[in-house]
Amino acid sequence: MSDSTTPTRVAIACQGGGSHTAFTAGVLQEIMSEWDETEYDLVGISGTSGGSFNALATWYGLLTGGPDTAAELLDGIWDDISVTSAQDRWLNTLVTSVSRMDSAGFAIPSVSPSQIPLPEVGKQRIRTVLERHIDFEEIPGLCQRDAPELVVGTVNVNAGIFETFVNEDVTVEAVLASAAVPNMFEAVKIDGHYHWDGLFSQNPPVGDLMDLPPDRKPEELWVIQVNPQTFEGEPTTSEVIADRRNELSGNISLNQELGFIEQVNEWVESGKLPPDEFTRTSIHRIQMGKRYHCSTKVDRDPDFLTELQTLGKRRAREFFAEQTE
């Protein structure tokens with residue numbers, strides 16, 4: 001906390017990871033249930049891939065109705081993303097099975113998403129779900145001076161650079177681009193360039209959250225991390241190796257950005273940076289703490305998504321309990 005009268009400025013970064021980000025939804029739902037504006041001031045929230053769904057729903061819900069609305073939006077979006085019909089359940093089983101066989105080293109025919117119609121059907125479903133809950137035309141008007149920064153991460157395929165969409169630039173296309181996994185969905189064209197899943201870049205975006213004016217810089221950064229940070233022993237089987245590679249690729253950019261924040265913190269504490277322009281930001285990770293096979297990142301089974309949300313709520317309660325110790 002800043003002091004007894006001033007709320008602590010907080011930024012939240014939501015890591016991507018497909019269906020595993022239902023965990024993030026659970027974390028954010030619990031955070032919203034405990035949110036006290038006299039204690040915390042949300043100055044920014046970012047997300048990549050599935051994390052961008054959660055960041056957007058939280059931001060939009062807070063600005064249009066408050067914490068309860070944000071929690072309801074999170075629940076509604078994930079309820080709509082989950083499997084509903086018998087045909088959808090069959091397709092979900094097929095996709096997760098193929099993903100598991102691929103990670104185990106089975107020879108799976110490689111097909112570009114541009115060669116078959118199914119991926120675009122999936123992308124259209126995500127668009128429908130998002131537009132059902134979020135009025136994207138309302139976003140620019142919500143981006144006022146005191147509104148939290150909203151950041152969605154993608155990678156610009158043509159320019160070969162990380163690219164974030166901030167505040168009024170967060171359109172449904174930007175969110176779809178952030179979730180456009182190359183082997184599953186076609187790239188999304190925005191402003192003449194094609195964009196892919198932000199998992200290749202900032203996962204999740206942190207730099208934009210730290211580049212706020214001095215009076216809005218976060219004093220605390222809460223990172224909701226779905227990919228396990230550590231691993232005991234040596235991965236030896238094909239499946240375990242694939243799992244660990246997936247986890248590491250999702251954490252590399254995050255750890256690099258957090259490492260830079262820690263370096264800045266050291267410079268602030270040593271007096272190398274002026275305290276009136278730079279703020280020491282304490283980093284807190286809310287981690288899943290449970291390892292799931294990487295193939296489940298495409299699993300939309302409602303029971304599995306509910307399990308992840310329940311776990312997220314529990315981890316958030318543990319986080320708040322640690323904060324008060």
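**A first look at the chain**

Reply: Gladly, starting with the surface: the accessible surface of the chain comes to about 15200 Å², and carbon and sulfur atoms account for 51% of that. Please keep in mind that this is a predicted model.

Me: OK, how many helices and strands are there?

Reply: The secondary structure of the chain comes to 10 helices and eight strands.

Me: And what share of the residues is buried?

Reply: Of the 325 residues in the chain, 50% are buried. As for contacts, if one takes those with a separation of 6 or more, 77% are between residues 24 or more positions apart.

Me: Switching to charges, how many salt bridges turn up?

Reply: A search of the whole structure finds nine salt bridges. One of them pairs arginine 317 with glutamate 30, with the closest N and O atoms 3.6 Å apart. That pair links distant parts of the chain, since arginine 317 belongs to helix α10 (residues 302–324) and glutamate 30 to helix α1 (residues 22–34), 287 residues apart.

Me: Are those two partners buried or exposed?

Reply: Arginine 317 counts as partly exposed because its relative accessibility is 44%, whereas glutamate 30 is buried, with a relative accessible area of 11%.

Me: Which residue forms a salt bridge with glutamate 131?

Reply: That is arginine 127, and the closest N and O atoms of the pair are 3.8 Å apart. Both sit in helix α5 (residues 118–133), and because they are four residues apart there, about one helical turn separates them. Glutamate 131 is partly exposed, with a relative accessible area of 42%.

Me: Which other residue pairs with arginine 127?

Reply: Glutamate 173 also forms a salt bridge with arginine 127, the closest N and O atoms being 3.3 Å apart. Here the link is between distant parts of the chain, with glutamate 173 in helix α7 (residues 172–178) and arginine 127 in helix α5, 46 residues apart. Through shared partners, Arg127, Glu131 and Glu173 are joined by salt bridges into one network. Glutamate 173, for its part, counts as partly exposed, at 29% relative accessibility.

Me: New topic: what is the volume of the second largest pocket?

Reply: The second largest pocket has a volume of about 220 Å³. It is lined by 13 residues, and those closest to its centre are Glu37, Asp41, Leu42, Asp146 and Pro148.

Me: Which element gives the most to that lining?

Reply: Strand β2 gives the most to the lining of the second largest pocket, with three residues. Both β2 (40–48) and α2 (50–64) supply at least two residues each. Sorted by class, the lining of this pocket has nine nonpolar, one polar and three charged residues.

Me: Why does aspartate 191 count as exposed?

Reply: Its relative accessibility is 70%, and the cut-off for exposed is over 50%, so aspartate 191 falls into that class.

Note on methods
Residues are numbered from 1 along each chain as its sequence is written. This is a predicted model: local features need pLDDT of at least 70, side-chain atom pairs count only at pLDDT 80 or more; totals for chains, interfaces and linings use all residues. Side-chain values use heavy atoms; hydrogens and water are left out. A salt bridge is a side-chain nitrogen of Lys or Arg within 4 Å of a carboxyl oxygen of Asp or Glu. Buried means under 20% relative accessible area, exposed over 50%, partly exposed in between (1.4 Å probe, protein chains only). On a 1 Å grid over the protein atoms alone, a cavity is a set of points where a 1.4 Å probe fits but cannot get out, and a pocket is an open set with protein on both sides within 12 Å along at least five of seven lines; lining residues have an atom within 4 Å of a point. Grid points are joined across faces, edges and corners, and a volume is the space filled by probe spheres set on the points. Ala, Val, Leu, Ile, Met, Phe, Trp, Tyr, Cys and Pro count as nonpolar, Asp, Glu, Lys and Arg as charged, and the others, Gly among them, as polar. Contact means heavy atoms within 4.5 Å. Accessible areas come from the Shrake-Rupley method with a 1.4 Å probe; for residues, only the protein chains shown count as cover.
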